[in-house]
Amino acid sequence: MTIQLATSTVLTVIQTTGFFAPIAFILFHMIRQFLFLPVAVVCIAGGILFGAQLGSVYSIIGLTGSSITFYFVTKLFPKLLDRLMKMKEKWLGTYTNFSFIQIMILRMIPFINFSLISLCILDKAKTFGRYTKLSFLTHIPSTLLFTFLGASIQTLPPVVLIGIVIGLFILIYYFREKQVLIKWNDFFIREKA
């Protein structure tokens, strides 16, 4: 019910922009993270508004723009980045390092925090160019899933949806990185005298 209400609100707002609807939709994707709207809702709206193909393209552009916005916000506000890193360590652990495929699968799970996944990509890619490329590539499968299957996901029984989510979690475990690098100083923590 809430997803349908949010989707109809997004559709109404974007439709009123007329010729500039694709630009408004892409910009809406970029500010979506500050409005705490799920990615799936906006991608579904894009599929309804522009069709599956164009909706997917606009969503990929918008989500990549959203990731770039996240990158620059964390650079402008280092304290925010520190808070997000502490949150990541609390939720995922200090030495958790997701592989590229795991990040791609995490993007397909609707209730996983978008900024947390962007932070995982930021850890993996040390340069802006690599971060942008990885963000772009990880958005493709999730956008296609949400845009093409969005309408049918809403009508699937909860048991099937739970099965899909469990399957995605199994894939995340299967594609994990098999080794963890721990810094020397972290491994041998000196006791204070």
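**Contacts, a salt bridge and confidence**

Modeller: Leaving aside residues up to four places away in sequence, Ser 66 touches His 29, Met 30, Arg 32, Gln 33 and Phe 114, where contact means heavy atoms within 4.5 Å. This is a predicted model, in which local features need pLDDT of at least 70, side-chain atom pairs count only at pLDDT 80 or more, and totals for chains, interfaces and linings use all residues. Residues are numbered from 1 along each chain as its sequence is written, and side-chain values use heavy atoms, with hydrogens and water left out.

Biologist: Where is Ser 66 found?
Modeller: Ser 66 is in helix H3 (residues 39-76); helices are DSSP runs of H or I with at least four residues, numbered from the N terminus.

Biologist: Is Ser 66 buried or exposed?
Modeller: Ser 66 is buried, at a relative accessible area of 0%. Buried means under 20%, exposed over 50%, and partly exposed in between (1.4 Å probe, protein chains only).

Biologist: How many salt bridges does the structure hold?
Modeller: The structure holds one, a salt bridge being a side-chain nitrogen of Lys or Arg within 4 Å of a carboxyl oxygen of Asp or Glu. Asp 123 pairs with Lys 88, and their closest N and O atoms are 2.7 Å apart.

Biologist: Which parts does the pair tie together?
Modeller: Asp 123 lies in helix H6 (residues 114-124) and Lys 88 in helix H4 (residues 78-92), so the pair ties together parts 35 residues apart in sequence. Asp 123 is partly exposed at 24%, whereas Lys 88 is buried at 7%.

Biologist: Where is confidence lowest?
Modeller: Mean pLDDT, the predictor's confidence in each residue from 0 to 100, is lowest in helix H9 (residues 184-187), at 60.

Conventions. Helix = DSSP H or I, 4+ residues; strand = E, 2+ residues; numbered from the N terminus.
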